[in-house]
Each structure stands twice: as C-alpha cells, then as structure tokens.
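Here is a short report on charged side chains and their partners. Look at the model first, then read on.

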Amino acid sequence: MTAPLTPPPPPPFPSPSLSAVASPFPVRALAPVPVSAAVPVAGADAGTDEPVKLWLCPNDGLPPAVAGLLAAHWLDAQEQKTASRFLFERDRRQYLLAHTLVRRALALEAGLAEAELVIWRSARGRPFLRPAPGELPRGGAQLDFNLSHAGGYSLLGIVRRHRIGVDVERLEDRDERAITTIVRTFAAPEREWVERAAHGPDRDRRALRVWTLKEAYSKARGLGLGLPFDAFVFTLDDERGVRAFTPPADDTARPWRFVELEPVPGVLVAVAVPADAAQDPVLHLGYGFPWSRSELRSFPLPRPVGGHLAAVPA
C-alpha cells in the first residue's frame, strides 16, 4: 500500500467569509437544530455508529497548482481523460477540485491511499466506490458517496451501509426565468407553497429549497433526473425543516431523513439518507479541503419522514 500524498494542511477554516462570524459554520441551519448546538467531533471514531459525513469545499479551498499535483497522483485514467477535455480552464479546475476532494475524503474514511480507490459508475452515471472483498481498513464493507457542485462550491456526502444524495445551489446563480422553469417541475402543493412567497429573494429561496431536496432524494435513489419531480412531495416549514414527505409510488416502505443547511450565506445544501433503527442520527460537517477528520462539526439529524416510521427512532 502506498502512503497517501498529503501536502501540509492549511490553517483550519481559512475562508474569510466564515471567519468574520462568531460561529464559523454553519451560518444558517435549516435543519431543526440550532447553529450554536454544533460541537467539535471528539475523535475519528466518535459515536457507536458511523454518522453522515459532509464536506463543503470552495473552489479557492485548494490552490490550482496543488489540485493539479494531487490529481496527477490520485485520479485514474478515465478521470484524467475527462479533465483534459474541458474547454475552459475554470471548468477543469472545478473538476479537479471536486474529484481530488472525493478521493481524499474517501481515503480518510476507508483507510486506503487515494490512488488505490476504484470508482465505478452505474448505467445512469452515478459514481460508486467499488465494494471491498472484506472489511475496509477503517471498518465496514462499503462506503456510499455523492457529489454536487455549483456556484464555486463542491459538496461531498459520505455514509456507510446506506445510500446518500446531496445537492448544493447558490441563490444568486438563478435568474427569474430559471426559477420559473424549476418551479414548473414541482408537484402542485409545492408550486403553491413557493408562489405564496413574495417574488424576489423569498420566492427564489423557497424554490431552491424544494429543488435541492428533490435533487438530493433522486440522487440517493440513483435515478437523478430520471425520476419525475412531480411524483413526490415535500412539505416544508416556512423557515426551516421538512415537515412531511410523500414519496413516489415505488418507495413507500422506508422513511428518510432530510437535512437543509446554509453553511455560507446564499449557499443552500440538502442531504437525503434512508433512516433505520441502526443508524446513528448525527451529521458531521467539514468546511474546506479535508486534510484530516479533526475539523468536523457535529449535530443531530432531523426526525424521519415518509414511509413507515414505527421502527425508526425519532
């Protein structure tokens, strides 16, 4: 096994946009947990079960030269080929940042070197870490992950035993026409809820809250845009949190946990994970490039919604 290539870590939480506030993150939590309740993770193996892990990394969280160096050592031949096809350098930098983020975070969780990780894709294009023949060095047989990027940020979610879907959107990246197009894909109750807000920032925020949740759920299912967005319905609190979830016809047995966050002002994050009695209902969130697992913050996941809730603890 080759040792992971690890440049010296930068100072924790280097983002100027976060350092100006009293609690560096999250700035605004849409999940039903106060921001002030977030506490540092005591250790890599804190908790009886593995929690959900999230990393939010801005494009400037890793200098382009460092991203290129790491990519040259870590990415496989197909990833290298994909990176070389981008016409614009900004798109290539985004790709390299996102995929070095994936390999670094998975290496921390799996206990393997970044270049040793084998990533497959489903017929619909969803990436998977190839299951280990036995347990991974850090325990467990498999890890599931999901990646999203928008507005200069990459978001990575990791979970054991289950599927995970994540989405990140930036409010200022959407114009009026784009918001209208998005809302048309929603179910009628969701459209009505969005339209009850005043046109402008309030309506845009409601629309993107629904959109990110739908993206996260469909990605967790491995269906992406192949799942009609009007086939399932979210009922949201006006300020924060998912009150209820009506799943599509083929997913009525299991409940889900949905998380909404705004780790940076104007950057909306949604997470979808199946809920069960064995799950540790905790989410660990990191900001910046994951040089280590010691800079994560932890807070409880919201209650399950949808499906049959009797067997799942609240």
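## Lys 53 and Glu 109

At 3% relative accessibility, Lys 53 counts as buried (under 20% relative accessible area; over 50% is exposed and anything between is partly exposed, with a 1.4 Å probe and protein chains only). Glu 109 is buried too, at 4%. Their side chains form a salt bridge, 2.9 Å from N to O (a Lys or Arg side-chain nitrogen within 4 Å of an Asp or Glu carboxyl oxygen). Lys 53 sits in strand β3 (residues 52-58) and Glu 109 in helix α4 (residues 89-110), so the pair ties together parts 56 residues apart in sequence. Helices (H or I, at least four residues) and strands (E, at least two) are DSSP runs, numbered from the N terminus.

This is a predicted model: local features need pLDDT of at least 70, side-chain atom pairs count only at pLDDT 80 or more, and totals for chains, interfaces and linings use all residues. Residues are numbered from 1 along each chain as its sequence is written, and side-chain values use heavy atoms, leaving out hydrogens and water.

## Other salt bridges

The count comes to 19 salt bridges. One joins Arg 103 and Glu 79 at 3.0 Å, N to O. Arg 103 is in helix α4 and Glu 79 in helix α3 (residues 77-84), so this pair links parts 24 residues apart in sequence. Both residues are buried.

Arg 203 pairs with Glu 195, with the closest N and O atoms 3.4 Å apart. Arg 203 is buried at 2%, whereas Glu 195 is partly exposed at 38%.

## A buried Glu without a bridge

Glu 215 lies in helix α7 (residues 201-220). Glu 215 is buried but has no salt bridge.

Note on methods:
Lys and Arg count as positive and Asp and Glu as negative; His and the chain ends are not counted.
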